[in-house]
Amino acid sequence: NTGLQLTMTQPLLRNFGFTATKWQIWIAKYQRDSAYQQVVRSVQTGVDTLEQAYWNLAYAYENLKVKLEAKAIAVELNRITRIKIDVGSLAPIDIVQTEVNIATADQDIINAEALIGQFDDQLKRQLNVDPSNWGAHPIVPTDPVRVEQQTFDLEAGVNTALARRPEIVQAGYAVDAQKIRYDYWKNQVLPSVNLVG
């Protein structure tokens with residue numbers, strides 16, 4: 001005797017549809033896309049940090065130029081004050097203030113040079129330069145520091161950020177994954193009714 005039996009079971013409430021069998025696949029895809037956005041954000045943060053370190057160094061060099069000019073002005077003012085004291089138009093005590101200005105300018109120059117060293121080290125750290133060679137070659141920025149008035153379309157910027165910023169896209173993937181979990185577990189509380197044929 002031979003026999004063949006074929007049975008089919010179709011869930012009508014609980015586990016009905018594709019969600020019950022594919023929900024973990026869909027969540028895995030969202031997690032993959034979310035991880036990609038996290039990598040994109042890490043790269044953007046690295047580039048932003050490197051660019052900020054470069055412009056900090058450029059600022060430090062420009063700041064040193066300003067401090068040197070301030071000292072030159074203080075020295076010239078001291079020279080003019082000495083001449084005025086020699087001709088008798090100023091009291092000898094007035095020279096003290098100009099000497100204080102020169103000493104303050106010297107202090108500002110020392111601080112500006114220290115700031116250059118600090119930002120140079122920060123940029124070399126970002127560029128992953130070997131620490132044993134940091135002092136061998138200082139980094140001198142070649143791009144001039146420019147201040148330009150720019151106009152921004154706030155609404156377009158917000159829309160672009162909502163559509164393209166990695167952390168927002170990543171949050172969107174997380175929300176979509178939670179929706180799939182919600183749909184699955186909402187289906188799992190239904191009674192089990194099957195059509196068996």
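**Rings and charges in a predicted model**

Let's start with Y54, which is buried at a relative accessible area of 19%; buried means under 20%, exposed over 50% and partly exposed in between (1.4 Å probe, protein chains only). This is a predicted model, where local features need pLDDT of at least 70 and side-chain atom pairs count only at pLDDT 80 or more, while totals for chains, interfaces and linings use all residues. Residues are numbered from 1 along each chain as its sequence is written, and side-chain values use heavy atoms, with hydrogens and water left out.

**Aromatic rings**
- Searching the whole structure turns up 5 aromatic pairs.
- One of them is W23 with Y184, stacked at 4.2 Å centre to centre with 10° between the planes.
- Rings of Phe, Tyr and Trp (its six-membered ring) pair if their centres lie within 6.5 Å; planes under 30 degrees apart are stacked, over 60 edge-to-face, the rest tilted.
- Both W23 and Y184 are buried.
- Y54 and W55 are edge-to-face because their planes sit at 80°, with ring centres 5.2 Å apart.
- W55 is partly exposed, at 32% relative accessibility.

**Salt bridges**
- There are 9 salt bridges in the whole structure, each a side-chain nitrogen of Lys or Arg within 4 Å of a carboxyl oxygen of Asp or Glu.
- K124 bridges to D120, with the closest N and O atoms 3.0 Å apart.
- K124 is buried at 2% relative accessibility, and D120 is buried too, at 7%.
- R165 pairs up with E167 at 2.4 Å between the closest N and O atoms.
- Shared partners join R41, R165 and E167 into one salt-bridge network.
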